[in-house]
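This report looks at charged and aromatic side-chain contacts. The sequence and structure come next, followed by the terms and the contacts themselves.

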Amino acid sequence: TTGVWRLGLERVEAFLSLIGDPHRDLTTIHVAGTNGKGSVCAGLEAILRARGLKVGKYTSPHLIDFRERFLIDGEPVAPEQIVEFVERWTPDVERLGATFFEATTAMAFEFFSRAEVDVAIIETGLGGRLDATNVVTPVVAGVVNIGIDHVEYLGDTRELIAVEKAGIFKRGVPAVIGEHDPAIAALLKRIATERGARPVHSVFEGGGPSNVIVGLDGTTFTYSGRKWTSPLVGAHQAANGALAIAMTELLPAELSVSYDVMVAGLAKTVLPGRFQRVGRYLLDVAHNPAGARVLADTLRAAPVPGPVAAVLSVLDDKDWRGIMQALAPVVERFVLTLAPTSPASRSWNLDDPLAFANENGWSVVVEHDFDRALAVAADFAQTVLVTGSFHTVGDAMGRLEVSPTGG
């Protein structure tokens, strides 16, 4: 449904100018990265709300309801606001040739400006440098990590992708780097410095989070001389939490947060669809090999009742082979299916992953019907892992009646 990506800021700037440049009224925090952006934004949101601020959060994609992209103090904006915006501005969006993401980004700025939020947390859609969100001059910018994703737009090496993501760093704005690969972190740091960002802080340069303990109900770690707890599960959530903490530490004085409030806030982080357990179902939006490896590591660190069956539906343009290779050691069976909301143009041909599983000697069944796939997996397994895309998890949430905003 997102249609094409056309990177570049001219169209979104022209459209924003037309609607009154709402982004210029906002105090923003900007987050980019291949994986983990949603977790970092959720940690920042929880910390700033704990300080009593009115917080907007713009993220993508959504799991079930488009309104999840625009949260104000954790609540989706009213449907009427979206209808009104779409009715009023669609002719101009079409005239300018703006993309769906450019229009939704402008919509977020308009909603947050109208609500007079104290701070708006803005997640990039794709890349950074030419991403529609990069019209903001934030009070702090963070890049979580760099992996190989969206190579058709951003280049096919981590170095090229790092240059794109680091495009959110700006002159005079604090830059925080969450990448733990020293070579990539050094590259990000160099670009941030060249762009005039200051200070430039790398979370892992001082060793990063330590004493990380992963349990099924969350993750504890030590960072910045203190002990922290996040309800999000996995060693990577200690890294994501540390980045949110480091970004908070660099906020300007009028937004400064005491450590006690930061600790209390991080402990209240809400992020559906990330190692989220609902009865015997385990929901995770991993949609590239790096995300799947992290998911597999988390399953090793916080074992769920076995056997585990993976209900897997991946968009065809993703590296589904890499995803299956990462998950195969931690699941007893793959149930390959088609998530109903997956766009037909990006739908995978189940014959290919079936053949791939058989070549590798993995236990596999194909069930085209999504509801049947969930049932078949539940018949076999104590834990049903649902993963492969936001569509896959969102569709399962709809079936299981789980709130996509964690309310």
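## Aromatic pairs

Rings of Phe, Tyr and Trp (for Trp, its six-membered ring) are taken to pair if their centres lie within 6.5 Å, and the pair counts as stacked if the planes are under 30 degrees apart, as edge-to-face if over 60, and as tilted for the rest. By this definition the structure holds 13 aromatic pairs. The model is a predicted one, in which local features need pLDDT of at least 70 and side-chain atom pairs count only at pLDDT 80 or more, whereas totals for chains, interfaces and linings use all residues. Residues are numbered from 1 along each chain as its sequence is written, and side-chain values use heavy atoms, with hydrogens and water left out.

One of the pairs is formed by F70 and F111, which are edge-to-face, with 5.3 Å from centre to centre and 80° between the planes. F70 lies in strand β3 (residues 70-72) and F111 in helix α4 (residues 100-115), so this pair ties together parts of the chain that are 41 residues apart in sequence. Helices (H or I, at least four residues) and strands (E, at least two) are DSSP runs, numbered from the N terminus. Both F70 and F111 are buried, where buried means under 20% relative accessible area, exposed over 50%, and partly exposed in between, with a 1.4 Å probe and protein chains only.

The rings of F334 and W362 have centres 5.7 Å apart and planes at 50°, so they make a tilted pair. This pair links distant parts of the chain, with F334 in strand β15 (residues 333-336) and W362 in the loop between α12 (351-360) and β16 (364-366), 28 residues apart. F334 and W362 are both buried.

## A ring cluster and charges over rings

Ring pairs also join F15, Y58, F66, F70, F85, W89, F100, F101 and F111 into a cluster, and the edge-to-face pair of F70 and F111 has both its residues in that list.

A charge is said to sit over a ring if NZ of Lys or CZ of Arg is within 6 Å of the ring centre and within 35 degrees of the ring normal. R321 lies over the face of F356, at 5.9 Å from the ring centre, and R333 lies over the face of F380, at 3.8 Å from the ring centre.

## Salt bridges

A salt bridge is a side-chain nitrogen of Lys or Arg within 4 Å of a carboxyl oxygen of Asp or Glu, and the structure holds 17 of them. In one of these, the side chains of D181 and R158 meet at 3.3 Å, N to O. D181 lies in the loop between β7 (175-177) and α7 (182-194) and R158 in helix α6 (residues 158-165), so the pair ties together parts that are 23 residues apart in sequence. D181 is partly exposed at a relative accessible area of 23%, and R158 is also partly exposed, at 25%.

D371 forms a salt bridge with R399, the closest N and O atoms being 2.6 Å apart. Because D371 lies in helix α13 (residues 370-380) and R399 in helix α14 (residues 390-400), the pair ties together parts that are 28 residues apart in sequence. D371 is partly exposed, with a relative accessible area of 39%, and R399 is partly exposed at 37%.

A further salt bridge joins the side chains of E367 and R372 (3.9 Å, N to O), with R372 partly exposed at 45%. E84, E110 and R114 are linked in a network of salt bridges.
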